[in-house]
Amino acid sequence: MTQNLATPPVVAPPRPWTFPASTTTTTRAGTPVHVFDRPGQYVATVRVTIALPLFAEPRELEGVATIMSRTLDEGTELHSANDFAAALERHGAAYGVDVSSDALHVEISVPTSQLAPAVKLLAEAVTRPAFNPADVGRHVTIRLGEINQERANAGYRAREAFSAHLFEPTVRRSRPTAGTPDTIRALTNVEVAKFYRDNVGPARAQILFAGDATGVDVAGIVDDAFGDWTSEAGPALETPEPLYVLGDRIVLVDRPGSVQSQLLIGCPGPDRREDIWGAAAVANHVVGGTITSRVDTVLREEKGYTYGTRSSFTAPRKGGTFSLGGSVRTEVTGAAITDALRILREARDGLTDKEVGESKDNLIRTAPLRYEQADSIAQQVGSNIAAGVPLDFADTYLAQIAATTAESATAAYNRYVGTNGLLVVVVGEAKDVRDQLAGLGDVTELS
């Protein structure tokens, strides 16, 4: 029997997909436990998400949440830092921590056969940290060194300047999440321990498990580890609505010796509470979210200004942003900004059915791959909890995308992008860039 290799096989339409469902219990301390059973995922992730809005940090101690998070596993009431690390290694567990503008996330990934002892170690870090003076002091020193490195990075400088000029100075998000040298230097174990006592407790937490739960009493294991958790922390304060600075503006950050200019262009955007969140994602995909986008087609393919740019709508719990970022050759900085602004503004005239259809297909059909692994499920659900949306918000998001038309994508884009001006941040060699920006508007120059 011969096979006709000239005829491609028939590709069946994709099967319907929904975000994995969970079962929910609570620990004796009242903390919700959400179990996402994923048969065959023998490396499970357990994530503790704790409501912790950063505006709760004292102004003079900003960054204390970051130092606190990094020292949770640096010695506990039961183990030294070295002993704790050795215990994690014995059980094949990987430990991680992250601080966002709205929450603290602490997680382990571990073979399900080692789940019970690993979860006890996770609970130990979250509920019984020691905050030894030497460990806190070491992390303060590390953080100060990191700040020096970050200040040397063009991308970081652009993001820092973007936040500082997009938000009103009173808004916590206008300042670095992990603090500044002045606020970090002031931290000792006393301030870190007090911030922990005031802000971390079972009433603020939710615990997520994603992995193969076959034959495993996940709820019982988590309750055994976290059920006796007590805390002085009261309910988390609600995050206030952010205040933005509007209007067309250009900020130039001088970075002597730069051979490229780092660009970041943006404005306020929606957050996940708005029913246009999915339509905005489609519009972003068309305009700047992928290698085939309108911006990349011009700046990268046609003119060779850049290796690539990307745009995104991002949002914490309240108030989002739209931004387009990338680096371009110094000598074409002004031309690249001019083209980028033109493309962003022309997109307000309308997106096409073809563009929107292709973007919808990409966003919807890649969803099963995005959430294939247990850790990606736990991380997405933790993000949903921090943002104050349902655990299965991914289904709502995908339904919004599926319902998007060229008209609704254009309307979502127009609600924000360019409506109240665009902030342009340029990080580069000021003496070579300054004149290129002169015809684009008033420029605020920073050293």
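Okay, quick definition before anything else: two strands count as paired if DSSP finds at least two bridges between them. Strands themselves are DSSP E runs of at least two residues, helices are H or I runs of at least four, and both are numbered from the N terminus.

Now the ground rules. This is a predicted model, so local features need pLDDT of at least 70 and side-chain atom pairs count only at pLDDT 80 or more, while totals for chains, interfaces and linings use all residues. Residues are numbered from 1 along each chain as its sequence is written, and side-chain values use heavy atoms, with hydrogens and water left out.

Big picture, then. The protein chain has 17 helices and 12 strands. Its radius of gyration, taken over C-alpha atoms, is 24 Å. For 447 residues a compact globule would come out near 22 Å, so the two agree; that rule is 2.2 Å times the number of residues to the power 0.38. Along the principal axes, the C-alpha trace spans about 75 × 65 × 40 Å. Buried residues (under 20% relative accessible area, 1.4 Å probe, protein chains only) make up 51% of the chain. And if you take contacts (heavy atoms within 4.5 Å) with a separation of 6 or more, 81% come from residues 24 or more positions apart.

On to the six-stranded sheet. It's open and mixed, and the order reads β9-β10-β8-β11-β7-β12. Who's at the edges? β9 (309-314) and β12 (443-446), each with a single partner strand, so one side of each has no neighbour in the sheet. From one strand to the next, the twist averages 15°.

Zooming in on β9: six bridges tie it to β10, residues 320-329, and the two run antiparallel. Ser312 sits opposite Ser323 of β10 there.

Something also packs over this sheet. Helix α11, residues 333-346, lies across β8 (260-269), β10 and β11 (423-428), at about 25° to β8. Angles here run from 0 to 180 degrees between N-to-C directions, with axes fitted to C-alpha atoms, for helices over the stretch in contact.

Last stop, back towards the start of the chain. β1 (23-26) and β2 (32-37) are antiparallel, joined by four bridges, with Thr25 opposite Val33. Their hairpin has five residues between the strands, and Gly30 takes a positive phi near 95°. What does β2 pair with besides that? Strand β6, residues 205-211, through five bridges, and this time parallel. There, His34 has Leu208 as its bridge partner.

Key:
Buried means under 20% relative accessible area, exposed over 50%, partly exposed in between (1.4 Å probe, protein chains only).
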